[in-house]
Amino acid sequence: MLEIEDLNISIGAHQIVSLEHLSIPAGRRLGLVGESGSGKTMTAMSIIGLLPREAVVTGSIKFSGVEMVNRPERELSNFRGSEIGTIFQDPLRALNPTMRVGKQVGEALRLHNTVPNKGVKQRTVELLDQVQLPDSAALARRYPHQLSGGQQQRVLIAMAIACNPKLLIADEPTTALDVTVQKEILELLARLSAERGMAVLFVSHDLGVIQSISDHVAVLYGGSLVETGPTDQIVGSPRHRYTEALINVNPGHPEDIAASLGKPLITIKGSVPPLGAFLSGCRFRGRCPHEVDTCATEPPITEMPDAHSFKCWNPVPTTISLAPGEAGLAKESP
Amino acid sequence: MFRVVVRAISSLLVSAFMGSIVVFLLLRMLKGDVATVILGQTATREALDALRDEMGLDAPLVQQYWNWISGVFRGDMGTSYAAEFDIAHEIWVRVPLTFTLAFASLILSALVALLVGTFSAIHAKDWRGTWVDILSQIGIAVPSFWLGLLMVTLFAVRLGWLPAGGYVPLTENFIDGVKSLTMPVMALAIPLSAVLVRYVRSGMLEVLDEDFIRTAQAKGLTLRRAAWRHGIRNASIPLVTVTILQLGSLLAGAVVIENVFTLPGLGRMLVVAVGGREALSVQSLTLVLMLMILTLNFLMDIAYGLLDPRIRDSGGSVPIA
């Protein structure tokens with residue numbers, strides 16, 4: 001349903017995103033994970049054309065066969081909110097502080113003529129019910145600052161799903177929320193996606209969060225896709241050294257806290273280089289503990305079964321038989 | 001909202017009281033005393049003593065203040081020294097004109113500033129934004145009395161569409177009243193809106209960067225429609241703050257404009273009173289003009305509450321943004 005090919009996003013002389021291929025079939029929940037500055041939000045926003053004015057986009061993003069790249073704003077806005085819903089990181093800031101929340105939800109319905117004007121109010125309340133907001137009729141008349149963070153995010157979700165979109169883009173939707181609320185929101189998103197057969201592009205820096213909601217994961221580093229595949233494979237047997245590092249730095253689930261206490265927290269050494277300061281070849285070079293000489297040249301994409309693929313010269317060894325030529329490299333790794 | 005109103009009223013009362021003391025003391029701090037001011041340096045000692053006695057200037061300051069302010073409450077501000085008219089009555093009949101003039105200019109310029117400022121923020125990066133910039137720069141530079149004279153030459157003398165001066169009360173003949181106020185209001189509103197446009201523009205540019213504008217776009221609004229539907233109300237909150245700061249110069253402008261268009265308002269009375277060294281009239285007129293500013297200020301405080309539900313909930317405290 002969504003096919004991204006050779007997507008390049010640059011601002012000025014700096015290339016921010018460079019993606020060879022990424023696709024989201026209908027109903028799939030894809031997690032896009034990466035550190036801040038990895039270009040994950042840019043990638044997600046390029047789908048609906050909501051990038052900074054200065055950004056230059058080349059390549060192709062096809063949504064249901066329609067090319068979205070460099071489409072005029074007026075035409076894109078027919079897709080936004082109707083075919084593609086979006087929720088954002090900071091729910092309080094994402095809502096208009098001077099408009100009642102019900103009206104903000106209803107606006108999406110009116111814009112795309114989803115229901116006749118007379119039915120907007122009733123449908124708004126139904127939507128608020130569906131995102132499990134209590135006392136929805138009264139809540140619709142309140143202003144954003146009168147709601148809790150979790151309630152605000154539910155309002156945004158109601159707004160995003162109002163017109164039954166085929167794809168929901170969720171850009172760090174739980175990052176600003178308490179851990180307990182996070183879990184509820186994730187469950188709600190998973191349920192809505194399953195009920196409606198709605199595909200979700202879930203953007204987060206938190207692999208743990210991604211793991212709990214997505215069936216597939218794409219790992220971004222420095223604007224480049226380093227590994228993608230089914231969630232259990234990515235988490236269970238990652239191949240790319242960056243993915244491996246990301247999994248290692250995750251302190252673990254709350255139930256593991258007792259076990260993790262006293263152990264030092266693992267970090268990835270260094271930080272994401274500033275724009276334009278990446279070394280040639282693999283972008284993780286310089287921070288990677290398993291660097292080999294060939295890393296200075298662009299690593300090839302290695303395809304594995306189950307649509308699992310990665311881009312690494314010296315991948316994490318695996319017991320599964322590998323493509324010819326790769327096993328040798330795997331042995332060299334410490 | 002109730003708390004917002006209560007807060008605005010109490011602030012109005014406190015400011016009015018403090019202001020009245022300042023107005024009263026300022027006149028006592030003049031060189032010589034009020035009697036000398038009225039009669040001039042050449043007056044004889046007997047004449048000065050007689051006037052001091054008549055005006056109660058020998059009494060302690062507190063007593064004098066009390067005499068004056070209690071008179072104001074009773075509607076008695078004394079009589080003019082030279083012209084022998086009742087000051088309170090004279091002020092009372094002139095208040096509606098000056099207030100209408102100031103209020104209409106205020107509302108008009110705020111509306112124009114909102115529309116033009118939003119337009120220029122949306123088109124900040126193309127030639128339309130630049131044009132608004134140039135025009136507002138000119139508008140700020142043009143003094144309102146000169147603008148008034150230009151308009152008289154064009155609309156009254158050349159085209160004969162509007163009267164060159166004079167005033168017909170709106171309650172007497174609405175159409176003629178509006179005609180007589182059109183040019184004075186324009187002369188006041190154009191420079192004021194030129195100032196306000198710049199604030200709306202920069203405020204709107206900030207609002208357009210807000211996340212909720214992006215949400216509106218993600219919902220399916222174009223940036224332009226998102227600015228009109230979601231931006232205006234949010235951008236008008238800082239506009240209220242700036243407008244409050246402009247109230248003083250607005251009233252000062254009204255005084256000048258009334259003289260340009262020979263409107264029988266407080267401004268004309270003030271100029272005549274100052275020219276005639278009518279200390280009592282000046283004192284009470286200043287008080288009334290100050291009360292007028294405070295009233296407009298009060299209305300703006302209420303506007304905050306109407307515009308922003310967060311201010312309503314916090315009982316009227318305006319966040320310093």
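Analyst: A residue is called buried if 20 or more other C-beta atoms lie within 10 Å of its own, exposed if 12 or fewer do, and partly exposed in between, with C-beta atoms placed from the backbone. The model is a predicted one, in which local features need pLDDT of at least 70 and side-chain atom pairs count only at pLDDT 80 or more, while totals for chains, interfaces and linings use all residues. Residues are numbered from 1 along each chain as its sequence is written, and chains are lettered from A and ligands numbered from 1 in the order in which they are written. Helices (H or I, at least four residues) and strands (E, at least two) are DSSP runs, numbered from the N terminus.

The buried residues are F212(B), I213(B), T215(B), A216(B), Q217(B), A218(B) and K219(B). Just after α9(B) comes G220(B), whose phi is positive, at about 120°.

What covers these buried residues? Part of the cover comes from chain A, including β6 (84–87), α3 (91–94), α4 (101–111) and α7 (149–161). Chain B contributes as well, through α8 and α10 (223–260) among others.

Two residues are in contact if their C-beta atoms, placed from the backbone, lie within 7 Å. By this rule, 19 residues of chain B touch 25 residues of chain A. On the chain B side, the elements that give two or more residues are α9, α10 and α13 (309–313). Of these, α9(B) gives the most, with seven residues. Ala, Val, Leu, Ile, Met, Phe, Trp, Tyr, Cys and Pro count as nonpolar, Asp, Glu, Lys and Arg as charged, and the others, Gly among them, as polar. In these classes, the side of chain B that touches chain A has six nonpolar, six polar and seven charged residues.

Two strands pair if DSSP finds at least two bridges between them. β6(A) is joined by four bridges to strand β7 (residues 167–171) of chain A, and the two run parallel. Within this pairing, I84(A) has L167(A) of β7(A) as its bridge partner.

Another piece of the cover, helix α8 of chain B (residues 174–208), packs against helix α7 of chain B (residues 144–158). Axes are lines fitted to C-alpha atoms, for helices over the stretch in contact, and angles run from 0 to 180 degrees between N-to-C directions. The axes of α7(B) and α8(B) are 9 Å apart, and the angle is about 135°. That makes α7(B) oblique to α8(B), given that angles under 35 degrees count as roughly parallel, over 145 as roughly antiparallel, 65 to 115 as roughly perpendicular and the rest as oblique. The crossing of α7(B) past α8(B) is right-handed. From α7(B), the residues in the contact are S144(B), L147(B), G148(B), M151(B), V152(B) and F155(B). From α8(B), they are M183(B), P184(B), M186(B), A187(B), L188(B), I190(B) and P191(B). By class, this contact has 11 nonpolar, two polar and no charged residues.

The contact joins V116(B), F119(B) and S120(B) of α5(B) to R128(B), G129(B) and V132(B) of α6(B). It has three nonpolar, two polar and one charged residues.

Chain B has 13 helices and zero strands. Its C-alpha atoms fill a box of roughly 80 × 55 × 35 Å along the principal axes. Of the 321 residues in chain B, 35% are buried. Among the contacts in chain B with a separation of 6 or more, 71% join residues 24 or more positions apart.

Terms used: Left-handed = near helix turned anticlockwise from the far one by under 90°.
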